[in-house]
Amino acid sequence: MPISTYNRGVIAAVVAYTYWSLIPVYWKLLVGIRAEELLYTRLLLTFLTCLILLPLRGTFRTFLAAWRDPVIIRQRLLAAVLISGNWFSFMWSVVNDRVMESSLGYFLCPLVSVLLGRFIEKEHLGFSRWLAVGFAAIGVGFIVSGANHFPYAGIVIAFTWAGYGLAKKRSQQGPLVGLGMEVGLLAPLAAALFLWTAWRQPLTLAEVDGATLGFLSLVGVVTVLPLILFAYAAQRIRLSTMGMGQYIVPSVFFVLAIFYGEPVTPPLLAGFAFIWVGLALYAFSARRTNPVDDSVEA
């Protein structure tokens, strides 16, 4: 029995979100490599992966044409800085046993997006969304009060990913073309910093075993594949369905953090409880403002 276009989109979305939610397991395999070396390698291998996939998807000419437009280059440079900051913060949190902090960051992303929409896009929020942001702020306060450090990585993850989402919203390029330009802009810098790091101190890459290097060699595919699935799904199902699915990722991160033995204190649980209430208010407000019927095929 053939699968409908809508159901194919739902399957792609579920696979993409499940894939992203389990990504800490992949990065845990690379513990022992410094986060900055992981970032440089990820930028370079993701760029190589994009260069291979662009011709296969028939978008290589579009990719080349975009480099002739200074406005597009400036837009993609901003997006590149945001996504590289997000990648570094996330990888740093995982390899330093702070998966819970990355969970906090991605739970906060929708609420940070609300603030960016208000102050940058000049969108009207309404009482319920302001209340959602307030609950999130109280939650962060609880988490900070019970921790021995400020959750810098989680806050950076939230603001860089929300900012990247805003940058992509304004983009006219497809996901693969845009990502190819973003990593392409930073690839020369990544290569230079890689060489500079190797000159200053021994690379941790040189100290790991062959299996770890084998896993690292897949980082370009690991990065690009879920983005392709996400783009496929976004073209076939409702935006609200995609939006609600994003909560799968930090929820699984939270469970993984407990599995990896990270401490769960009463202030931490209280903080996440306030954030979850804020997300519920946000989701209710979004659903009430933009009601949709997901039974209709996209």
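Predicted model: local features only at pLDDT ≥ 70, side-chain atom pairs only at ≥ 80, totals over all residues.

**Surface and overall build**

I started with the accessible surface of the protein, which comes to about 14800 Å², and 69% of it belongs to carbon and sulfur atoms.

Next I went through the secondary structure.

Then the dimensions. Along the principal axes, the C-alpha atoms fill a box of roughly 55 × 45 × 45 Å. For 298 residues, a compact globule would have a radius of gyration near 19 Å; I get 20 Å for the protein, which agrees.

How much of it is buried? I find that buried residues make up 45% of the 298. I also checked the contacts with a separation of 6 or more, and 87% of them are between residues 24 or more positions apart.

**Aromatic rings**

Which numbers do I need for a ring pair? The distance of the centres and the angle of the planes describe it. I get 22 aromatic pairs in total.

I looked up Y17 and W20 as one of them: the centres are 6.2 Å apart with 55° between the planes, a tilted pair. Both residues sit in helix 1, and because they are 3 residues apart, about one helical turn separates them. I have Y17 and W20 both down as buried.

The other pair I noted is F254 with F272. Their ring centres are 4.9 Å apart and the planes are at 70°, so I log this pair as edge-to-face; the angle is over the 60 degrees needed for that label. This pair links distant parts of the chain: F254 is in helix 13 (residues 248–259) and F272 is in helix 14 (residues 266–289), 18 residues apart. Buried or exposed? F254 and F272 are both buried.

I also found an aromatic cluster, made of F90, Y106, W161, Y164 and F253.

**A nonpolar patch**

Which residues make the nonpolar surface patch? I list L22, V25, F259 and Y260, for about 390 Å².

L22 lies in the loop between helix 1 (5–21) and helix 2 (23–28). Its relative accessibility is 43%, which makes it partly exposed, because that label covers values between 20% and 50%.

Methods: Residues numbered from 1 in each chain as written. Heavy atoms only, no water. Patch = residues over 30% accessible without salt bridge, like charges linked within 9 Å, V, L, I, M, F, W, Y side chains within 5 Å. Areas by Shrake-Rupley, 256 points an atom, 1.4 Å probe, with all protein chains shown as cover. Salt bridge = Lys/Arg side-chain N within 4 Å of Asp/Glu carboxyl O. Helix = DSSP H or I, 4+ residues; strand = E, 2+ residues; numbered from the N terminus. Buried < 20%, exposed > 50% of the residue type's maximum accessible area, 1.4 Å probe, protein only. Rg over C-alpha atoms; globule rule 2.2 N^0.38 Å. Contact = heavy atoms within 4.5 Å. Phe/Tyr/Trp six-rings, centres within 6.5 Å; stacked < 30°, edge-to-face > 60°.
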